[in-house]
Amino acid sequence: MIRVEGLRKVFGDVRAVDGIDLKVERGELVVLLGQNGAGKSTTLRCMGGILRPDAGIIELDGLRLPERLDSVRARLGVVPDQARLYGRNTAPEYLDRFGFLYGVPEAVRRQRIADLLDRFELADRKDTMLAAYSRGMAQKVALIRATLHEPDWIFCDEPTAGLDPVAAADMRRYLVEQKTRGAALIVTTHVLSEAEHMADRIAIMRRGVIVTNGTLEELRRKAAAGRRFTAHLARSLSDAEPVRRWLEEHTVDYRIDDDRLAYTLRWETSLRDRGDFAARLQGLLAKQESPFHELEEDQVSLESVYLAAMDEQNLKIPLSSGSAGKAPTRPGSLREPGHPPQRVGRGRTKPIPPAQIPSGIRPVRMFASLREQGGMLGHSLPFYVSSWWRRGDLSWVMYLNAFVLLLVAGTALFGQLPGVAGQVAARFVGGTALQAGLLLPLFFMSFALLESIKSSIGIWWEKAQGSLEVLLYTPVDDPSLIWLEVLPGAVVSTVWVTFWMAAGMALLSLFGAAAPWDLLPVFAFVAAVTAYWAAMGRMLGFMLFPREGAAGGAWSFLLSPVSAAVADLPLALFVFRSPLAPASLLLPIIACVALTILCGATFDRERLMETGLTRSRRKRTWFPVAVVRRNAVAVAAGIVLAAASAGVAGAVTANAHWHSWSDVRSAATGQAVDPAPVASTPIQPAPSSVNGVAVAAAGLAGIVATLALMLALIAVSFAAFFLLGVPAVAGLAIAGALWGMQLGFGSGAPLQPWFAGAGGIALLALALNTGAALPIYWSLAFGSGRRLDRLREAWSNYWALFRGLVMPACVLLGLVVFRLLAAG
């Protein structure tokens with residue numbers, strides 16, 4: 001049994017679902033009718049567990065959501081409003097994939113797939129790619145997917161939309177078969193005749209509420225006073241008065257119009273009484289020599305019931321629900337006995353708060369779930385790789401690899417890379433250009449491959465092609481969803497890079513060159529770390545920036561410096577045989593562990609469904625006064641930290657009588673420092689005319705300085721994000737101390753005004769940037785409420801403060817640079 005009570009879901013200022021009560025027994029099919037935007041799809045998504053209700057109770061056979069969501073998904077089948085298939089797979093491959101996810105044994109699912117494809121007349125198209133299927137064929141595959149594991153509850157969102165009459169009738173018959181099997185079904189549709197044919201009960205929704213519900217017979221009784229009949233007379237009545245008096249006494253309503261007589265009997269009038277009434281009426285009409293030659297019942301159509309429910313007046317004073325004769329209840333009430341609505345104030349309904357489930361995934365659960373990913377990885381990897389292969393991306397990746405192998409072959413034959421590249425490599429590694437040349441294949445292969453993998457494997461792929469909703473309904477738990485994005489790509493990258501590195505080294509050995517085979521595990525490790533970091537970063541991007549492009553575009557670009565430091569630094573140390581190389585492996589390992597913990601802590605299944613599109617466009621102001629007011633303490637803390645460190649460093653410098661950086665170095669090495677300041681002779685610039693070229697060059701330098709500082713500050717914020725802001729705060733304190741020491745040198749230091757001025761502006765920009773980012777770091781470790789919501793709000797405020805405060809400070813630095821260079 002499905003029980004929904006007081007269900008509410010709000011998106012911004014839109015109440016998508018506003019207090020739904022619903023009850024569906026086993027072996028019952030309930031149809032939800034309503035206009036577009038009435039809340040039908042949102043209701044199903046809340047009941048399916050991919051949207052979190054703001055209030056209300058959802059129970060399926062006593063399993064309450066969201067506490068028992070994993071148990072519910074294994075017994076739930078959902079057909080969304082679109083088929084959402086994988087176009088590069090065949091129907092058996094696609095259905096086998098979801099049969100595995102639902103835990104159907106291999107032999108059983110293969111037999112069921114064959115039987116159901118034959119049942120829907122798709123067996124002869126089993127070798128055809130799903131992208132070539134028609135709308136009706138794709139919808140049939142979607143229905144097979146939803147019922148392959150014989151679920152106890154089935155939700156169908158307009159399953160027959162766009163189908164021809166034959167396909168729609170076949171779809172309805174199959175749903176009735178599922179009902180006969182004992183499943184509880186909820187189906188949404190716009191086709192009223194469809195609801196009449198298959199519904200046991202019908203609920204009509206408008207603006208997030210159920211305005212009326214019941215069986216078709218009950219809805220008809222609500223819409224009309226009784227059963228209406230029309231008698232076609234042989235001729236008009238010569239004396240209608242006796243007939244009128246008799247009809248007034250025995251009917252609810254009547255009307256005589258020439259040779260037609262219409263009358264209404266009470267709904268409870270039995271079939272025998274209706275027959276007796278017709279016989280007595282015929283006798284009365286016969287006396288007038290106007291007997292009826294045809295008598296028919298005018299059924300109250302579902303369309304009239306639906307239109308009445310859509311009427312504004314009926315929305316304000318809803319039609320009663322339940323059996324005829326019962327007192328009206330609140331809109332959409334199908335409340336079972338023993339659960340009366342809670343009232344507060346002047347008759348308003350008090351929302352039922354949903355169960356509070358902590359957001360995110362605990363680190364212990366996240367890493368412990370790795371032991372359970374063997375089966376998922378073993379099934380998912382061939383499935384994703386086959387789809388990737390059919391896409392054709394491997395061709396251009398292989399061309400890049402072949403080109404790089406040619407470079408390696410040239411290195412082996414000629415002792416160095418050809419041309420200027422070989423000269424540069426020889427200069428850096430002292431003639432062993434071979435090792436430097438081996439860096440090229442890694443970069444080509446890793447990054448070219450990752451660019452292809454991210455759009456062909458895992459959550460990114462599901463989200464890009466619109467099939468993610470289907471995956472979220474499956475019984476794949478939250479940690480497995482993250483590993484589904486991370487592990488296949490990491491395995492493919494590791495195998496791919498290892499293969500090509502081994503091929504390159506084998507080629508070198510074939511030509512008699514010394515191949516560094518000891519670096520092969522390092523290349524494989526760095527490839528795995530790079531793929532792991534990129535995929536986990538994408539998942540974090542989906543959480544913080546739900547738009548698909550944000551997770552792969554600007555977000556990935558901003559992660560690139562961190563990725564380079566994490567993966568490429570250990571690689572470079574191994575290539576150049578540094579003694580620090582083994583210890584440097586701890587850096588990528590710790591970074592990946594930290595990113596995994598952060599991604600798990602912010603994970604929210606509902607965020608994956610977001611597109612980043614809002615219902616209305618917000619007006620953007622350049623200077624966010626409200627945001628500045630809310631974050632004034634954080635911004636002030638950044639400025640105070642910079643000023644304090646600068647003040648302390650300046651006082652120490654002045655007391656120690658340091659007047660230049662050479663004095664600081666002397667004091668650091670224990671040498672004596674001359675307390676007398678060294679007189680500096682001001683440099684008198686030679687008089688020169690400022691030409692246009694110099695001004696243009698100075699202007700370009702100012703623009704570059706502005707953009708460079710902006711990018712550097714953003715990179716600092718993102719890098720510090722993964723370490724709870726410690727690098728940003730420490731960097732601000734160090735920068736403040738350096739600037740304070742520069743001030744402490746006094747006015748005799750060379751170019752002191754320019755160094756102090758430009759440095760002060762850069763320090764101000766850094767202080768504002770750090771202060772704007774402090775709420776982000778705070779949200780990671782402290783505070784109350786859902787961490788992900790706090791993080792998203794903190795990031796949104798950061799960008800607003802960056803636009804309104806930090807960017808003007810960066811522009812001011814550019815103006816100073818321009819003035820310095822333009823003045824000569």
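**Figure 1. A network of salt bridges links R3, E5, E59 and R64.** In this predicted model, R3 and E5 pair directly, with their closest N and O atoms 2.7 Å apart. R3 is buried, having a relative accessible area of 8%. E5 is likewise classed as buried, at 8% relative accessibility. Side chains of opposite charge can pair when their charged atoms come close. A search of the whole structure finds 30 salt bridges, and two further examples are shown in the next views.

**Figure 2. E469 and R45 form a salt bridge.** The closest N and O atoms of this pair are 3.0 Å apart. E469 belongs to helix α20 (residues 468–472) and R45 to helix α1 (residues 40–48), so the contact ties together parts that are 424 residues apart in sequence. E469 is buried, with a relative accessible area of 6%, whereas R45 is partly exposed at 22%.

**Figure 3. A salt bridge joins the side chains of R75 and D152.** The N to O distance is 2.6 Å. This pair connects distant parts of the chain, 77 residues apart: R75 is in the loop between α2 (69–73) and β6 (76–79), and D152 is in the loop between α5 (135–147) and β7 (153–157). R75 counts as partly exposed, at 27% relative accessibility, while D152 is buried, with a relative accessible area of 18%.

**Figure 4. I589, V593 and I597 make a nonpolar surface patch.** The patch covers about 210 Å². I589 lies in helix α26, which spans residues 586–602. With a relative accessible area of 42%, I589 is partly exposed.

Key. Residues numbered from 1 in each chain as written. Predicted model: local features only at pLDDT ≥ 70, side-chain atom pairs only at ≥ 80, totals over all residues. Heavy atoms only, no water. Patch = residues over 30% accessible without salt bridge, like charges linked within 9 Å, V, L, I, M, F, W, Y side chains within 5 Å. Areas by Shrake-Rupley, 256 points an atom, 1.4 Å probe, with all protein chains shown as cover. Salt bridge = Lys/Arg side-chain N within 4 Å of Asp/Glu carboxyl O. Helix = DSSP H or I, 4+ residues; strand = E, 2+ residues; numbered from the N terminus. Buried < 20%, exposed > 50% of the residue type's maximum accessible area, 1.4 Å probe, protein only.
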